[in-house]
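Subject: Structure handover

Hello,

Here is the structure I said I would pass on. Please open it next to this email and follow along; my notes come after it.

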Amino acid sequence: MNWANESSMKEFVLLGFSDKPWLQKPLFVLLLISYTTTIFGNVSIMMVCILDPKLHTPMYFFLTNLSILDLCYTTSTVPHILTNISHNKKTISYAGCVAQLITFLALGATECLLLAVMSFDRYVAICRPLHYVVIMNPWFCLRMIAFSWFTGFSNSVLQSSLTLNMPQCGHQEVDHFFCEVPALLKLSCADTKPIVAEIFFFSVLILLIPVTLILISYGFIAQAVLRIKSAEGRRKAFGTCGSHMVVVSLFFGTSIYMYLQPPSSTSKDWGKIVSLFYGIFTPMLNPLIYSLRNKDMKEAFKRLMLLTFYYKK
């Protein structure tokens, strides 16, 4: 009997760190601060990129999409985690679990592809500057964004279907903070190796191919930057690309650790911490990294603040 036939169970128990009650309050405070920072940071980036005409470029168009994605990504899990931590009954409905699984997978896969698209944008800007306007035209940018979202949700449907069709045999306790593939596979009472192999294949496509393209892009970028005679030009190029590489390292490093190994080989507590990192803390760090390390973004923030102050007067 698969999950679809067992939906009458109504709800599942999300254990989280239930066996460590002393962690509940510190974790609640940490997640609340992280979520609040994520909302404020990403909304600020979206507003600045939209309101400042100087930031109406492909780079900041992609950054705006990344901010929208990160807001949705964290909202798909954090509010429910906070609710469960603050209550003794740590449950989620069957429908809620399925929706959370599909949304989290879709947005995570979309972010992988979007980061690859952003690296291609930097490659064209630095290595093909004379052709940048022609290559990165608005129609091409929209198609790349649409491709990222469509592929992300397609991957989610495939992986969710494989996971939810495993025999679940009445097990209700999910040893995690939210409904995620590795944790849900551990509920199955059947041999998961064939399904794990298929999910591994899709994870390779979504994780390793984008990160490989990103590394290739930045290999060419590094060569081009080193040929720049101006020290200021090299500094600006490395600063812009450095922000992107920090984000890539944080997000892909933790995601690859979680999805490209058998579920049984991951320590249950360490797996939860890694999931919290790429699902919650990385979206919080993205706006901080891009705003603090990006001169154009900092100047845009100043202009917006001055304009706001002027209109208030």
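Of the 313 residues in the protein chain, 50% are buried. Please keep in mind that this is a predicted model.

Overall layout

The protein chain contains 11 helices and three strands. If you take the contacts between residues at least 6 apart in sequence, 81% of them join residues at least 24 apart.

The UniProt record, an unreviewed entry, carries the annotation "transmembrane region" for residues 27–48, 60–81, 93–118, 130–150, 199–226, 238–260 and 272–292. I looked at two of these spans in the model. Residues 199–226 are 100% helix and 0% strand, with 40 Å between the end C-alpha atoms. Residues 130–150 are 81% helix and 0% strand, and their end C-alpha atoms lie 31 Å apart.

How the helices pack

A general point first: two packed helices are described by the angle between their axes and the distance between the axes.

Helix H1 covers residues 24–51, and its axis is 9 Å from that of H2, at an angle of about 155 degrees. An angle over 145 degrees counts as roughly antiparallel, so H1 and H2 are roughly antiparallel to each other. Their crossing is left-handed. On the H1 side the contact is made by Tyr35, Thr38, Ile39, Asn42, Val43, Ile45, Met46 and Cys49, and on the H2 side by Tyr60, Leu63, Thr64, Ser67, Ile68, Asp70, Leu71, Thr74 and Thr75. Sorted by class, the contact of H1 with H2 has 10 nonpolar, six polar and one charged residues.

H2 also packs against H4. Here H2 spans residues 58–75 and H4 spans residues 94–127; the two axes come within 10 Å and cross at roughly 165 degrees. That makes H2 roughly antiparallel to H4. The crossing of H2 and H4 is left-handed. From H2, the residues taking part are Pro58, Met59, Phe62, Leu63, Asn65, Leu66, Leu69, Asp70, Cys72 and Tyr73; from H4, they are Phe104, Leu107, Gly108, Thr110, Glu111, Leu114, Leu115, Val117, Met118, Asp121 and Arg122. The contact of H2 with H4 consists of 14 nonpolar, three polar and four charged residues.

The last pair is H6 with H8. The axes of H6 (residues 138–164) and H8 come within 10 Å, crossing at roughly 170 degrees. H6 and H8 are therefore roughly antiparallel to each other. Thr151, Asn155, Leu158, Gln159, Leu162 and Thr163 of H6 meet Ile195, Glu198, Ile199, Phe202, Ser203 and Ile206 of H8. The residues in this contact are six nonpolar, five polar and one charged.

Some single residues

Is Met297 buried or exposed? Met297 sits in helix H11, residues 295–312, and is buried, because its relative accessible area is 0%. In sequence Met297 is 252 residues from Ile45, yet the two are 8.3 Å apart in space, C-alpha to C-alpha.

Lys54 is in the loop between H1 and H2. With a relative accessible area of 62%, Lys54 is exposed. Lys54 and Met297 are separated by 243 residues in sequence and by 9.9 Å in space, C-alpha to C-alpha.

Which residues does Ser217 contact, leaving aside its neighbours within four places in sequence? They are Ser119, Phe120 and Tyr123. Ser217 belongs to helix H8, residues 193–226, and counts as buried because its relative accessibility is 11%, where the limit is under 20%.

Val246 is located in helix H9, residues 231–259. Its relative accessible area is 35%, so Val246 is partly exposed. Val246 and Ile289 are 43 residues apart in sequence and 7.8 Å apart in space, C-alpha to C-alpha.

Regards

Conventions
Residues numbered from 1 in each chain as written. Predicted model: local features only at pLDDT ≥ 70, side-chain atom pairs only at ≥ 80, totals over all residues. Heavy atoms only, no water. Axes fitted to C-alpha atoms, helices over the stretch in contact; angles between N-to-C directions. Helix = DSSP H or I, 4+ residues; strand = E, 2+ residues; numbered from the N terminus. Parallel < 35°, antiparallel > 145°, perpendicular 65-115°, else oblique. Left-handed = near helix turned anticlockwise from the far one by under 90°. Contact = heavy atoms within 4.5 Å. Nonpolar A, V, L, I, M, F, W, Y, C, P; charged D, E, K, R; others polar. Buried < 20%, exposed > 50% of the residue type's maximum accessible area, 1.4 Å probe, protein only. UniProt positions renumbered as here; feature names shortened; annotations may be inferred.
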